[in-house]
Amino acid sequence: MSSIAALLVCLFLSLHQRTCSGAGADGAAAHNLSSCLVSHGVTNFSFPTSPSYAILLNSSISNLRFTLPGVGKPTAVVLPASRDGLRGAVLCARGGSLAVRVRSGGHSYEGLSYTTENHVPFVVIDLMNLNRVRVDPGSATAWAESGATLGELYYTVGRSSRSLAFSAGSCSTVGLGGIISGGGFGLLSRKFALAADNVLDAVLIDPNGKILSRSTMGDDVFWAIRGGGGGSWGVVYAWKLRLVPVPRNITVFTVGRTGPVELVAGLIYKWQFVGPNLPDDFYLSVYLPTGSSDGNVSVSLEGQVLGPKHLALSVLTQSFPELGFMESDLTEISWVESTAKFAGLSKHLPNRWLGFKQYSKSKSDYVQTPISRRDMVNIVRYLSVGPQGSIILDPYGGAMARIGSNETPFPYRAGNLYSIQYGVYWDQSDLDRAGEYIGWLRSLHMYMTPHVSKDPRAAYVNYLDLDLGTNNWTSPAGRSSEGAVKRARSSWGAAYFGSNFDRLVKAKTLVDPGNVFNNAQSIPPLHY
Ligand code: FDA
């Protein structure tokens, strides 16, 4: 058997809950961890000496920046296949004095589900085998294990009924564990708010392996896990989700325009008044790639309307005549088909391995007052000379604005017109220019300062950005202090959560006072 074939066999076995582990792993720590896992019924794990280790570790890393050799690697990758196995994995990692990193879809922008600060030794508990979804169309609810991807969830919901949907993000390979923990904005959010706003119950495994439900975790913790960011509270094993009603056919479109900076800036300027103010059934976002060609720049507007084409056409032509919508731009499909379209897939929605991987860095902002036409021209001009990248403007308003800013940890509700996601991307051949690209992104973010929210300058926790500050933990359970809480509050804590930060600290102190679940931007507990 060739070595590639051997690796593939090993990966296959690993994905199917057989052991592919431990062979030749050195050191007493690995031995103890291995015995502990087996005694808890977990047989699927991999140490660095195992041929499956690198494949399993890298399998869901979407940002290739964190595959580079300088990035610390885990002592083991553990793949529990049951709730009790997951509980055992947490207890064994703790028993071995290893930091715990929980990974669902692996899409953390800063790699927080599979890295630690200061080379603290750690274990990755990967939930890829905890991906079952059970839909009850009668009650319009679903129980979904956290390791399921959005694609797996959407596919299962779509198969159960053409008229049910779930409100979350557009990328099919993002994991439920991460996206719901941080909020989860998507094409249905103007109508039905965030994924986290549609969580009815959850099963949380706390640092001592206790299994908590909504009624036993208490109000503060149930509040915190719905938007307070992943990796801080325990492991969410599963979520009970409210499914939402959608028409059997909805209308979707992607409309591109190319032209001089002034023309494209004029369209985006106008969009600021249209996108956030359309009826709730409408979603219309802006995607603006960097760069230019022959002096022209491009923009594309992506949209979804929970209604037929003729409704979409009449509202859009009236509210946004400058775009020149035509009936041929619009297509009627089912909601589940639309999720495949917006994920960039023609099929294979539930395939979790189709994710697009690249080297990238992202940042975010919120806009509360429309940017002037003149400033928009300057912004588009700035982008036109940037390295490979893009900005995405997501319209808020609708249901997003009707939820109070402290009902969940996600505070950016009424008064926020739209979010901006900035990104730069590069590939292997450009690794030596990564610093230059990231530097450009930071300068763009700086350039945007006068046009975006202030005091604090807001950011979206699911678009993690370590430039905002880090905890700098130096041991597996961190070492929290009043100073750590203060530093977190005044940097990323305020940016992601505004005045909700202190309630998050309270919830953290209740559920994980020893700071077992930590990462570079986790919520620190008040007492240690
Ligand atoms: P990953 O497994 O890396 O986890 C992210 C964080 O959550 C880590 O800190 C991890 O420890 C923690 N975590 C994971 N599972 C957990 C569990 N079961 N219990 C407790 N903590 C857990 N966002 C959005 O709102 N709308 C969108 O449309 C998109 N689209 C999008 C596209 C692409 C290509 C990327 C890379 C990202 C997005 N995002 C997004 C952002 C996305 O929501 C964010 O990166 C999520 O944290 C990813 O969740 P994963 O489970 O995939 O990541």
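Let's start at the ligand: one of its oxygen atoms sits 3.0 Å from a polar backbone atom of His 107. That is a polar contact, meaning a pair of N or O atoms within 3.5 Å. Cover next: the protein takes up 90% of the 960 Å² of accessible area that the ligand has on its own, by the Shrake-Rupley method with a 1.4 Å probe.

A word on the source. This is a predicted model, where local features need pLDDT of at least 70, side-chain atom pairs count only at pLDDT 80 or more, and totals for chains, interfaces and linings use all residues. Residues are numbered from 1 along each chain as its sequence is written, and side-chain values use heavy atoms, without hydrogens and water.

Back to the backbone. Val 102 brings an N or O atom to 2.6 Å from a ligand oxygen.

Now the shell. How many residues surround the ligand? The count is 31, and Val 102, Ser 104, Ser 113, Phe 185 and Tyr 460 are the closest. Near means a heavy atom within 4 Å. The shell holds 11 nonpolar residues, 19 polar and one charged. Here Ala, Val, Leu, Ile, Met, Phe, Trp, Tyr, Cys and Pro are nonpolar, Asp, Glu, Lys and Arg charged, and the others, Gly among them, polar.

Which element gives the most? Helix H6, with three residues. Strand E3 (99–103), H6 (176–182) and strand E10 (235–242) each supply at least two. Helices (H or I, at least four residues) and strands (E, at least two) are DSSP runs, numbered from the N terminus.

Finally, why is the ligand between domains? Because domain 1 (3–126) and domain 2 (133–245) both give residues to its shell. Those bounds come from an automatic or database domain assignment.

Note on methods:
A polar contact is a pair of N or O atoms within 3.5 Å; within protein, one must be able to donate a hydrogen and the other to accept it, and residues adjacent in sequence count only if both atoms are side-chain atoms.
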